[in-house]
Amino acid sequence: MANHKATKKDIRQSESRRERNRYYGKTTRNAMRNLLALTEKATAQGELNKVISMIDKLAKRNVIHKNKASNLKSGLVKRINAMA
């Protein structure tokens, strides 16, 4: 266990950041799953912008790497464009 006040504070901060990042990541994954479950292209196009924004925020907060964010967005756009 940490002995210095600053180290104890750092542990508290990192724990709260971890919980926040887990929440944002899980929320985004759920939104992606719900987007892929849609069957109508028009509604999927509307939801796509929201999900892309969520992915960009994850990359901005360094929860995921920027290349992974690009890869996820590319895959989603391909899946939505392939809908009939």
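V77 touches L48 and I52, leaving aside residues up to four places away in sequence; touching, or contact, means heavy atoms within 4.5 Å. Where does V77 lie? V77 sits in helix 3. Helices here are DSSP runs (H or I, at least four residues), numbered from the N terminus. With 30% relative accessibility, V77 counts as partly exposed; that label covers what falls between buried, under 20% relative accessible area, and exposed, over 50% (1.4 Å probe, protein chains only). V77 is also 8.8 Å from Q45 in space, C-alpha to C-alpha, though the two are 32 residues apart in sequence.

A quick word on what we are looking at. This is a predicted model, where local features need pLDDT of at least 70 and side-chain atom pairs count only at pLDDT 80 or more, while totals for chains, interfaces and linings use all residues. Residues are numbered from 1 along each chain as its sequence is written, and side-chain values use heavy atoms, with hydrogens and water left out.

Now, helix 2. Helix 2 covers residues 41-60, and its 20 residues reach 28 Å from first C-alpha to last, close to the 28 Å expected at 1.5 Å a residue; the expected span is 1.5 Å times one less than the number of residues. There is a kink of about 25° centred on E47, the bend being the angle between axes fitted to the seven residues ending there and the seven starting there. Just after helix 2, N62 has a positive phi of about 60°.

Which residues of helix 2 are buried? They are A44, L48, V51, I52, I55, L58 and A59, and they pack against helix 1 (5-37) and helix 3 (66-81).

Let's take those two neighbours in turn. The axes of helix 2 and helix 3 come within 10 Å and cross at roughly 175°. Axes are lines fitted to C-alpha atoms, for helices over the stretch in contact, and angles run from 0 to 180 degrees between N-to-C directions. That makes helix 2 roughly antiparallel to helix 3, since angles over 145 degrees count as roughly antiparallel, under 35 as roughly parallel, 65 to 115 as roughly perpendicular and the rest as oblique. Among the residues making this contact are Q45, L48 and I52 of helix 2 and V77 of helix 3.

On to helix 1. Helix 1 and helix 2 pack at about 155°, with their axes 10 Å apart, so helix 1 is roughly antiparallel to helix 2. Their contact includes Y24 and G25 of helix 1 and E47 and L48 of helix 2.

Note on methods. Helix = DSSP H or I, 4+ residues; strand = E, 2+ residues; numbered from the N terminus.
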